[in-house]
Amino acid sequence: MSPLQYLSNPDVVSTELGEEAVLLHLQSQRYYTVNETGLAIWSLLAEPRSLDEIVDALAQDFEVTREDARTAARAFLDELLADGLVREAQS
Amino acid sequence: VDACLQIGPHAVRIEARDGAAREIGHRLLQYLAAARSGEGTDVGRVELTTVGELPEAPAGVPVAARYEDFDLTLWQDGDDFFFRSSLVAVTVAPRRGEARVALLAEASASGDTFAVLMLALCALLRPHGLLPLHAAGLVHASEGVLVSAASGSGKSTLTLALVREGWGFLSDDALLLEDTASGVEALPFRRTFGLLPETMAWLPVPAEGWPRHPADGRKVAVPMADLLPAQAAERCRPSVLLFPRIVEASESRLLPLRPAEALTALMRQSGLITLDPGWAREHMAVLGRLVGQARSYRLLAGRDVLEAPSAVSRLLASTVPPLASAA
């Protein structure tokens, strides 16, 4: 079976401000601020991405080990999923 | 046509179908204190009618949002909207420039009626690039300073303190933003100031005889641009954003805010932003550009706003970048 993929919810609008971004969930009307790492992950999720693809991108763009990138990405994706900002998609 | 409401370069026609509706239209114009020349480009019309029973929402159209503060429910059908409170029902077709307002007779006594009418005007103005922002607008050294916060954060008192110190002004509470080639600009939306009786003593005008503020019974609605025409401004390019909070302290203080913090604070004061995905994207982008062109601060507003406005004026004037206009 192919790996689980993640995709941003089309009902979430985002604006980048320097190294941060603000996300607005149109249904819940809640706002979120994401930092530089969060913005890097969020930008990837415009298209369906697996956790491995996200980890590869983070390890390449930031000075982190793959293990640390995986821990950070897993935690961030869990928060995004919990508040409906991203969806899981089977490729 | 009973009246024409001019907002920046745009004009909205107000048409009343009966005497009671005409009275509400008159009070709306008095509340906004906008120019009435009708010289602007016609962007639409608002038709007001008094009814015995409010129309129901269109059948089969889903509820888009509920605004508990105003007891307001909103339905969206493509580009068109239907708002309904217990006293008012509004059908708005922004692309056609039409808003039809049905009012119960008792609507004129409710401040929420005017909030709903303002929403209808916002929906008509939005396709023309004008976006609402709950903020005061001031001008110092030709630079715009916006003060944005929820009601009760001391916005009106701070604005009046700065006007008293000679600052120019657009509004103490309601602005429209317009994205232009030279940056985001602010225009006054509601031009009457809502003043508490104790702050009226700051002005060289009679303390009594003003109409009650429709949205806040403790305040009176004062047409400040008529009283102080030399300080009234028609638009500004904001270079400072202030987010006040009243604190128990003698002196006010400023804390710089990160752009993302400023944007979320602005979004909380932007009516209708979550209404439509297409509008929300554009609205957030304009607010993002506004944050990008300005310096943002949390203002911890102390007792000096009331007791030493000149000190507050100096503190806030220090945030205005010199030569920003020449950049």
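Modeller: In this predicted model, A:Leu4 has its bridge partner in strand E6 of chain A, namely A:Gln90. A:Ser8 is also bridged to E6(A), and its partner there is A:Val86. These two bridges belong to the pairing of strand E1 (residues 4–8) of chain A with E6(A), which is antiparallel and runs over five bridges.

E1(A) has a second pairing, with E5(A), again in the antiparallel sense but over two bridges. Here A:Tyr6 of chain A has A:Arg49 in E5(A) as its bridge partner. Put together, the three strands make an open sheet in the order E5-E1-E6, with antiparallel pairing. Strand E5 (49–50) and strand E6 (86–90) of chain A are the edges; each has a single partner strand, so one side of each has no neighbour in the sheet.

Now to chain B. Its secondary structure amounts to nine helices and 18 strands. Taken along the principal axes, its C-alpha atoms fill a box of roughly 55 × 45 × 40 Å. For 327 residues, a compact globule would have a radius of gyration near 20 Å, and the 19 Å of chain B agrees with that. Of the 327 residues of chain B, 57% count as buried. Among contacts in chain B with a separation of 6 or more, 69% are between residues 24 or more positions apart.

Two helices of chain B meet. A packed pair of helices is described by the angle and the distance between the two axes. For helix H1 (residues 19–32) and helix H2 (residues 111–125) of chain B, the axes come within 11 Å and cross at roughly 75°. This angle makes H1(B) roughly perpendicular to H2(B). From H1(B), the residues in the contact are B:Ile24, B:Arg27, B:Leu28, B:Tyr31 and B:Leu32, and they meet B:Phe114, B:Leu117, B:Met118 and B:Leu121 of H2(B). By type, the residues of this contact are eight nonpolar, no polar and one charged.

A further helix of chain B is H3 (residues 155–164). Eight of its 10 residues are buried, so H3(B) is largely enclosed by the rest of the structure. The buried residues of H3(B) are B:Lys155, B:Ser156, B:Leu158, B:Thr159, B:Leu160, B:Ala161, B:Leu162 and B:Val163. Just after H3(B) comes B:Gly166, with a positive phi of about 100°.

Last, a loop residue of chain B. B:Pro9 sits in the loop between strand E1 (3–7) and strand E2 (10–16) of chain B. Its relative accessible area is 36%, which means that B:Pro9 is partly exposed. Leaving aside residues up to four places away in sequence, B:Pro9 touches B:Gly40, B:Thr41, B:Leu187 and B:Arg235. From C-alpha to C-alpha, B:Pro9 and B:Val139 are 20 Å apart in space, and they are 130 residues apart in sequence.

Key. Residues are numbered from 1 along each chain as its sequence is written. Chains are lettered from A and ligands numbered from 1 in the order in which they are written. This is a predicted model: local features need pLDDT of at least 70, side-chain atom pairs count only at pLDDT 80 or more; totals for chains, interfaces and linings use all residues. Side-chain values use heavy atoms; hydrogens and water are left out. Axes are lines fitted to C-alpha atoms, for helices over the stretch in contact, and angles run from 0 to 180 degrees between N-to-C directions. Helices (H or I, at least four residues) and strands (E, at least two) are DSSP runs, numbered from the N terminus. Angles under 35 degrees count as roughly parallel, over 145 as roughly antiparallel, 65 to 115 as roughly perpendicular and the rest as oblique. Contact means heavy atoms within 4.5 Å. Ala, Val, Leu, Ile, Met, Phe, Trp, Tyr, Cys and Pro count as nonpolar, Asp, Glu, Lys and Arg as charged, and the others, Gly among them, as polar. Two strands pair if DSSP finds at least two bridges between them. The radius of gyration is taken over C-alpha atoms; the globule rule is 2.2 Å times the number of residues to the power 0.38. Buried means under 20% relative accessible area, exposed over 50%, partly exposed in between (1.4 Å probe, protein chains only).
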